[in-house]
Amino acid sequence: MKESVDRLPALVTGGIGRKIVALDAVDSTNTFAMELAAREGEHGTVVIAENQTKGRGRMGRGWISQPGLDITMSVILKPKITVSDVTLLTVLASVACCRAVRETTGLPVTLKWPNDLMVEGKKLGGILTEIRAAAGTVTVVVIGIGINLNSLGDELPPEVRKRATSVKAETGKIHARAPVIAAICDGLDFWYEILMRGENGRVLDAWRNLSSMLGSSVTVLSGGEVLRGVAKDIDDRGMLILELPTGGIKVLSSGEVTGVGRE
Ligand code: BTN
């Protein structure tokens, strides 16, 4: 990892990824990045770990990755936005990651709300966005990205293995991490500039075009409730618009889609 990470700043074209902090082992790159951001960590700094010992996922879950094989990285952003706009950064990060993996590996990755990278109904990667804010204003955003690249899932518990996949499992090939990480950084840079110009609609449309679930029947676990309906769209903040069997509409700010097209 050290070797390929060293050439990353030369591979990226924008500001994100120009500064890399490469770690052999860390509990969580997100925790490390948040602490770094409070001290000298500048906007665009990327923290990458060879081995993450206590990786964290969404909804209080853990995140398991294979040392040396997968991608575990966190990006420090310092945007001038309000807390209510943070979801848009997660939307743009999903778009950047999805397109980067497509472009560098050829795999037809799609997006499942809110920010899962999917291949044929199996999870390939995920994003964990965490913020520090004061008086409603965001001071730091850390975008944590985990992508199953070259592992084969052998280390995952059986129930997770059924629902997960990797680029290696899908393509049969080993893929170097640096070009994928560089493409993610460039994508983040590109879409971040668009969002900062206020062109939110372009980011949302890019997400819609990569989504594998809009228009499908879905089951969503949200706020302790299991909801079934049709995933109609995402709104201008990235929330899921669900049409219930009664015809009513529910707008969800968080949750997990557990079934697509089966109900
Ligand atoms: C999810 O649950 O889908 C989100 C998974 C996010 C995992 C990544 S790996 C790098 C970063 N550090 C963490 O502890 N989590 C994120």
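In this predicted model, the ligand sits in the largest pocket. A pocket is an open set of points on a 1 Å grid over the protein atoms alone, where a 1.4 Å probe fits, with protein on both sides within 12 Å along at least five of seven lines; a molecule sits in a pocket if more than half of its atoms lie within 2 Å of its grid points. Residues are numbered from 1 along each chain as its sequence is written. Local features need pLDDT of at least 70 and side-chain atom pairs pLDDT 80 or more, whereas totals for chains, interfaces and linings use all residues, and side-chain values use heavy atoms, with hydrogens and water left out.

The largest pocket is lined by 43 residues, a lining residue having an atom within 4 Å of a point. Trp63, Asp116, Lys123, Arg163 and Glu256 lie nearest the centre of this pocket.

Around the ligand are 20 residues, of which Ser28, Gln52, Arg56, Arg58 and Lys123 come nearest; a residue counts as near if one of its heavy atoms lies within 4 Å. A polar side-chain atom of Lys123 is placed 2.5 Å from a ligand oxygen atom, and a polar backbone atom of Arg58 is 2.7 Å from an oxygen atom of the ligand. For Gln52, a polar side-chain atom lies 2.8 Å from a ligand nitrogen atom. The protein buries 98% of the 410 Å² that the ligand exposes when taken alone, as computed by the Shrake-Rupley method with a 1.4 Å probe.

Conventions:
Polar contact = N/O pair within 3.5 Å; in protein donor to acceptor, adjacent residues only side chain to side chain.
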